[in-house]
Amino acid sequence: MELISVTAGDGPAEAHVARPSSGSGPGVLHFIDAIGVRPQIASMAERIASWGYVVLSPNVLYRNGSVEDVRPHVDLRAEGARDAFFAQAMPRVRGLFAQDLSTDLDAYRDALRGLDGVSDGPIGAVGYCMGARLATLFACRHPQDVAAAAGFHGGGLATDDPGSPHRQLSTARAEFVYGHADNDGSMPPEAVATLGEALASAGLTASNEIYPDAPHGYTMADTSMYQEAGAERAFSELEALFARTLR
């Protein structure tokens with residue numbers, strides 16, 4: 001993996017960079033899930049880059065350690081392995097969202113803009129699991145930059161918390177695409193409905209769908225939750241979103 005160092009709010013954060021064959025294109029910020037930057041994230045970023053984008057995937061969990069420290073060192077497709085890993089990972093997630101993430105989000109935007117080959121003009125954002133929250137907050141914080149934002153099997157997008165992402169949408173200008181996991185305790189149907197109402201109230205163009213039978217984590221081929229149908233639908237909808245907004 002090609003890793004660079006980004007100066008984030010509380011120190012250096014490693015980040016993976018993926019480039020198209022041309023070497024240049026619009027920038028995309030790629031927000032990871034709770035499992036960390038790893039070969040699966042690099043593979044997903046490379047696929048997005050192949051559509052003609054320069055993609056930056058920061059280690060948003062840098063406060064907990066390096067890419068190597070945070071990522072799993074076992075096969076998360078094995079029985080019980082994913083649950084065991086998440087028993088350690090979820091405190092990191094809670095700790096992340098207890099932070100004021102504004103300086104981190106600003107740093108990731110600046111780092112993406114500063115990469116060789118990133119064209120002037122709008123940028124995109126996409127996130128998975130906890131990254132869907134980050135992609136949404138990023139689009140709300142940087143409406144002049146972000147023309148497209150997507151979140152797949154995201155959790156906590158619409159909660160009672162005053163800082164809930166759905167409460168920030170009035171500041172956004174991006175087009176949004178959400179692909180929710182089915183029967184997801186972290187994003188139940190009532191939360192999906194609340195998110196949809198917030199998107200509509202903000203006057204935003206958006207797709208806000210539950211993917212049938214898709215479990216939480218359905219895009220992650222290196223875990224036991226992978227579902228090919230959901231993953232391929234997510235890639236298809238993401239490619240179309242970026243094509244109509246970043247080109």
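I took a salt bridge to be a side-chain nitrogen of Lys or Arg within 4 Å of a carboxyl oxygen of Asp or Glu, and by this rule I counted 13 salt bridges in what is a predicted model.

**Entry 1, overall form.** I looked up the secondary structure of the protein and found seven helices and eight strands. The C-alpha atoms fill a box of roughly 45 × 40 × 35 Å along the principal axes. For 247 residues a compact globule would have a radius of gyration near 18 Å, and I noted that the 16 Å of the protein agrees with this. Of the 247 residues, 57% count as buried, and among contacts between residues at least 6 apart in sequence, 75% join residues at least 24 apart. I also checked the UniProt record, an unreviewed entry, which lists residues 14-244 under "domain: Dienelactone hydrolase". That span is 38% helix and 17% strand, and its end C-alpha atoms lie 30 Å apart.

I began with Arg 63 and Asp 104, whose closest N and O atoms are 2.9 Å apart. This pair links distant parts of the chain, since Arg 63 sits in the loop between strand 4 (54-58) and helix 2 (67-70) while Asp 104 belongs to helix 4, 41 residues apart. Arg 63 is partly exposed, with a relative accessible area of 28%, whereas Asp 104 is buried at 1%. I then turned to Glu 68 and Arg 71, which form a salt bridge with 3.1 Å between the closest N and O atoms; Glu 68 is partly exposed at 42%, and Arg 71 counts as partly exposed at 24%. In the salt bridge of Asp 75 with Arg 77 the N to O distance is 2.9 Å, with Asp 75 partly exposed at 38% relative accessibility and Arg 77 exposed at 53%. Finally, I noted a network of salt bridges that links Arg 109, Asp 110, Arg 113 and Asp 145.

Cys 129, in the loop between strand 5 (123-128) and helix 5 (130-141), has a positive phi near 55° and is buried, with a relative accessible area of 11%. Asn 183 also has a positive phi, of about 50°; this residue lies in the loop between strand 7 (175-180) and helix 6 (189-201) and is exposed at 76%.

Leu 105 is found in helix 4 (residues 102-114) and is buried, with a relative accessible area of 4%. Beyond its neighbours within four places in sequence, I found Leu 105 in contact with Phe 31, Leu 134, Leu 137, Phe 138, Arg 141 and His 142. The C-alpha atom of Leu 105 is separated by 28 Å from that of Pro 189, 84 residues apart along the chain.

Note on methods:
Residues numbered from 1 in each chain as written. Predicted model: local features only at pLDDT ≥ 70, side-chain atom pairs only at ≥ 80, totals over all residues. Heavy atoms only, no water. UniProt positions renumbered as here; feature names shortened; annotations may be inferred. Helix = DSSP H or I, 4+ residues; strand = E, 2+ residues; numbered from the N terminus. Rg over C-alpha atoms; globule rule 2.2 N^0.38 Å. Buried < 20%, exposed > 50% of the residue type's maximum accessible area, 1.4 Å probe, protein only. Contact = heavy atoms within 4.5 Å.
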